[in-house]
Amino acid sequence: MAISFSYSPAWLLLSLILLAFASMAPQVESRAFFVFGDSLVDNGNNNYLITSARADSPPYGIDYPTHRPTGRFSNGLNIPDIISEQMGTEPTMAYLNPMLKGRSFLLLNIIRIGKQIEYFQQYQTRVTGLIGAEQTQALVNQALVLITLGGNDFVNNYYLVPFSARSRQFSLPDYVQYLISEYRKVLRKLYDLGTRKVLVTGTGPMGCVPAELAQRSRAGECAVDLMRAASLFNPQLTEMLSSLNTELGADVFVAANTFAMHMDFISDPQAYGFITSKIACCGQGPYNGIGLCTPLSNLCPNRDVYAFWDPFHPSERANRIIVQQILTGDNKYMNPMNLSSIMAMDSRT
């Protein structure tokens with residue numbers, strides 16, 4: 001069973017959480033997969049929100065098994081899909097899908113973190129009614145959780161406009177410390193709700209995505225301000241996770257260095273079989289980085305040779321490279337252990 005609480009379009013404020021799942025009557029014997037985060041891991045919740053940031057029309061989904069848009073910000077599979085493949089769980093369904101009984105959230109256009117946690121609690125209550133409290137606790141305790149943190153707080157908040165409210169309120173170092181303290185509370189709340197195996201990703205190289213190159217770059221170089229934000233945020237996030245683990249007496253939280261994972265193919269795209277890591281496959285304007293990916297956008301004929309699918313999101317092939325490092329990467333990429341190690345440890349218990 002795969003359940004994703006993640007959604008946050010790359011041009012909305014703050015990180016959001018989506019919840020998607022394949023079955024409302026899970027079997028405890030199979031591992032649940034909960035996903036919290038932003039549009040990088042959204043499996044379709046944007047379809048049911050009043051927002052212009054949508055992935056529900058072509059050419060989104062062009063390489064998905066159905067060749068139809070699903071609400072994923074990808075030409076095909078996204079990171080949770082590929083992790084689910086490796087875990088042997090079913091594909092995820094958006095938690096906000098009204099096909100799921102009792103769902104009617106169509107008046108929302110943003111899901112703040114408190115509401116996302118509330119959805120997770122609501123899910124546990126519903127499952128308890130189906131399989132009982134003891135099995136529900138076991139389900140959550142044994143589940144894998146993926147949560148993506150930080151990117152939208154910089155791209156769509158601190159740096160959204162010159163002299164933004166947050167940039168007037170905080171210096172960048174102080175803002176990073178504020179975010180780290182707030183995210184620590186979120187992660188501790190997830191622990192209190194029963195999660196015990198949590199992959200935490202920080203920001204990627206935000207200044208290198210085609211959207212930022214189109215707006216901020218003179219000659220294809222990554223945007224300096226956003227790269228500085230990532231260089232401050234990610235190490236402090238890793239330190240905070242280590243501190244939390246020490247406090248809890250267990251390696252509950254695992255840091256996934258998605259910045260390094262992305263920079264491998266951004267810095268040397270040809271080494272990974274890409275022809276470019278600057279130009280998006282789908283878009284318009286410089287670097288195909290302006291606006292949304294729509295049926296009228298430029299569209300590359302071969303998505304496998306583009307690192308970026310649209311102005312903000314990696315292609316399916318780039319996502320597969322990232323997931324491979326999540327699965328097998330050394331301490332440069334995964335700390336204190338990779339996903340394969342987690343799964344091997346669980347198989348012995």
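## Stop 1: a pair on helix 6

Select E182 to begin: this residue is partly exposed, with a relative accessible area of 31% (buried means under 20%, exposed over 50%, partly exposed in between, using a 1.4 Å probe and protein chains only). You are looking at a predicted model, where local features need pLDDT of at least 70 and side-chain atom pairs count only at pLDDT 80 or more, while totals for chains, interfaces and linings use all residues. Residues are numbered from 1 along each chain as its sequence is written, and side-chain values use heavy atoms, with hydrogens and water left out.

## Stop 2: more charged pairs

Side chains of opposite charge can pair when their charged atoms come close. The structure holds 10 salt bridges.

Next, select R216 and E212, whose closest N and O atoms are 2.6 Å apart in a salt bridge. These two lie in helix 7, 4 residues apart. Buried or exposed: which is E212? At 4% relative accessibility, E212 counts as buried, while R216 is partly exposed at 34%.

Then try D264 and K332, a salt bridge with its closest N and O atoms 4.0 Å apart. This pair links distant parts of the chain, 68 residues apart: D264 is in helix 9, and K332 is in the loop between helix 10 and strand 8.

For a group, select R184, R188, D192 and E247, which are linked in a network of salt bridges.

## Stop 3: into the interior

Select helix 4, residues 151-158: 8 of its 8 residues are buried. They pack against helices 5, 6, 7 and 8 (contact means heavy atoms within 4.5 Å).

Finally, pick F253, whose contacts include L187, Y191 and P336, not counting residues up to four places away in sequence. In the largest nonpolar core, of 85 residues, I83, F154, L187 and F253 touch the most other members (such a core is a set of buried Ala, Val, Leu, Ile, Met, Phe, Trp, Tyr and Cys residues joined through side-chain atoms within 4.5 Å). Apart from it lies another core, of 10 residues, among them A55, F73, C281 and C300.

Methods. Salt bridge = Lys/Arg side-chain N within 4 Å of Asp/Glu carboxyl O.
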